[in-house]
Amino acid sequence: MHISEASNSSGSVSEFILLGFPSRREIQILLCVMFSLIYLLTLLGNAAIICAVWSSRKLHTPMYILLANFSFLEICYVSSDVPKMLANIISQTKSISYAGCLLQFYFFFSMCAAEGYFLSAMSFDRFLAICRPLHYPTIMTYQLCARLVVFCWAGGFLSILMPAVLMSRVPFCGPNVIDHFFCDLGPLLALSCAPVPKTTLTCATVSSLIIFITFLYILGSYTLVLRAVLRVPAGSGRNKAFSTCASHFLVVSLFYGSVMVMYVSPGSRSHPGTQKFVTLFYCMATPFFNPLIYSLRNKDMKDALKKVLCASEISKNTEK
């Protein structure tokens with residue numbers, strides 16, 4: 001009700017048109033099939049990690065609890081915009097309501113912020129495990145892990161609350177066509193029928209703080225971790241630590257690399273084609289690759305996934 005009132009008070013626009021990927025009908029169908037397949041594999045891959053952590057007692061440790069929450073976040077993250085994008089590709093109207101647009105904006109960027117917080121928490125966990133191994137069991141308790149999980153989820157939603165409230169007060173009088181596949185910040189502000197410097201500054205400040213503070217913290221943590229790993233004598237312990245941290249840092253590089261190109265690079269927002277491609281990469285490709293990176297480079301995770309698959313096969317054969 002509050003959002004619909006904002007719609008009435010902010011102008012005459014009651015819905016937006018998301019252009020998405022304008023092309024011939026055959027190409028749009030091909031894109032829909034390809035994106036649907038990636039979306040389905042992303043859901044399956046991240047759900048498999050959650051099931052593996054849940055079913056294996058060996059993985060009931062802070063590192064894997066954080067990873068399971070991160071995988072659930074990826075499912076929510078990719079589901080905040082991809083289903084609507086797929087529906088609009090095959091739809092003739094390609095519309096989204098004013099309230100739906102604001103909600104999509106809020107949930108997408110809340111998940112994006114929470115992802116940065118979870119990556120920071122995971123880097124903190126690896127820092128303690130490798131740089132402070134003797135103190136790790138007493139510092140990284142299940143209570144602290146639970147607090148970190150709550151902080152990451154709550155922090156993500158609370159960080160974007162003020163920008164979302166300010167966006168609900170932006171006046172939209174028309175036109176209502178967004179040259180994007182979801183309600184992104186830049187294209188929405190471009191449709192405002194009056195200057196909104198306070199909203200623009202607040203959104204830019206919040207996004208910059210989240211991106212740079214979390215990224216610098218993660219970079220500092222893994223720098224210390226790398227120094228500690230290089231001091232360890234060559235052997236299986238060193239290889240395991242390096243492999244685990246390499247997979248974590250690869251995920252960090254994929255996420256922050258694409259986000260910084262989108263929201264920090266000065267020329268990226270002026271080209272809608274580049275904007276769509278980069279946004280598509282960090283909202284679809286990153287969640288798709290994460291399960292592959294974590295499962296292929298982690299022996300414990302691979303063993304747990306094999307057990308989950310074997311258990312499912314046994315249950316199918318029993319039913320037959």
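**Entry 1: the chain as a whole**

I began with contacts between residues at least 6 apart in sequence, and found that 79% of them join residues at least 24 apart. I note here that the model is predicted. I then looked up the secondary structure, which comes to 13 helices and three strands in the chain. Of the 320 residues, 48% count as buried, and the accessible surface of the chain comes to about 15,800 Å², with 71% of this area belonging to carbon and sulfur atoms.

**Entry 2: salt bridges**

How many salt bridges does the structure hold? I found three, and I took them one at a time.

In the pair of arginine 24 and glutamate 26, the closest N and O atoms are 3.8 Å apart. I looked up the accessibility of both partners: arginine 24 is exposed, at 56% relative accessible area, and glutamate 26 counts as exposed too, at 54%.

Aspartate 125 and arginine 126 form another salt bridge, with 2.7 Å between the closest N and O atoms.

The remaining salt bridge joins the side chains of lysine 276 and aspartate 179, at 2.8 Å from N to O. Lysine 276 lies in helix 12 (residues 272–296), whereas aspartate 179 lies in the loop between strand 3 (177–178) and helix 9 (185–190), so the pair ties together parts that are 97 residues apart in sequence. I also noted that lysine 276 counts as buried at 9% relative accessibility, while aspartate 179, at 32%, is partly exposed.

The largest cavity holds about 240 Å³ of space and is lined by 18 residues, with Phe109, Cys112, Ile160, Ser207 and Ile210 lying nearest its centre. Helix 5 (98–131), helix 10 (197–231) and helix 11 (236–263) are the elements that give two or more residues to this lining, and helix 10 gives the most, with six residues. I sorted the lining of the largest cavity by class and found 15 nonpolar residues, three polar and no charged.

For the second largest cavity I noted about 80 Å³ of space. Its lining residues include Leu18, Phe21, Met85, Lys94 and Phe181, and helix 4 (residues 82–90) supplies the largest share of the lining, three residues. By class, the lining of the second largest cavity has six nonpolar, three polar and one charged residues.

How values were computed:
Residues are numbered from 1 along each chain as its sequence is written. This is a predicted model: local features need pLDDT of at least 70, side-chain atom pairs count only at pLDDT 80 or more; totals for chains, interfaces and linings use all residues. Side-chain values use heavy atoms; hydrogens and water are left out. A salt bridge is a side-chain nitrogen of Lys or Arg within 4 Å of a carboxyl oxygen of Asp or Glu. Buried means under 20% relative accessible area, exposed over 50%, partly exposed in between (1.4 Å probe, protein chains only). Helices (H or I, at least four residues) and strands (E, at least two) are DSSP runs, numbered from the N terminus. Contact means heavy atoms within 4.5 Å. Accessible areas come from the Shrake-Rupley method with a 1.4 Å probe; for residues, only the protein chains shown count as cover. On a 1 Å grid over the protein atoms alone, a cavity is a set of points where a 1.4 Å probe fits but cannot get out, and a pocket is an open set with protein on both sides within 12 Å along at least five of seven lines; lining residues have an atom within 4 Å of a point. Grid points are joined across faces, edges and corners, and a volume is the space filled by probe spheres set on the points. Ala, Val, Leu, Ile, Met, Phe, Trp, Tyr, Cys and Pro count as nonpolar, Asp, Glu, Lys and Arg as charged, and the others, Gly among them, as polar.
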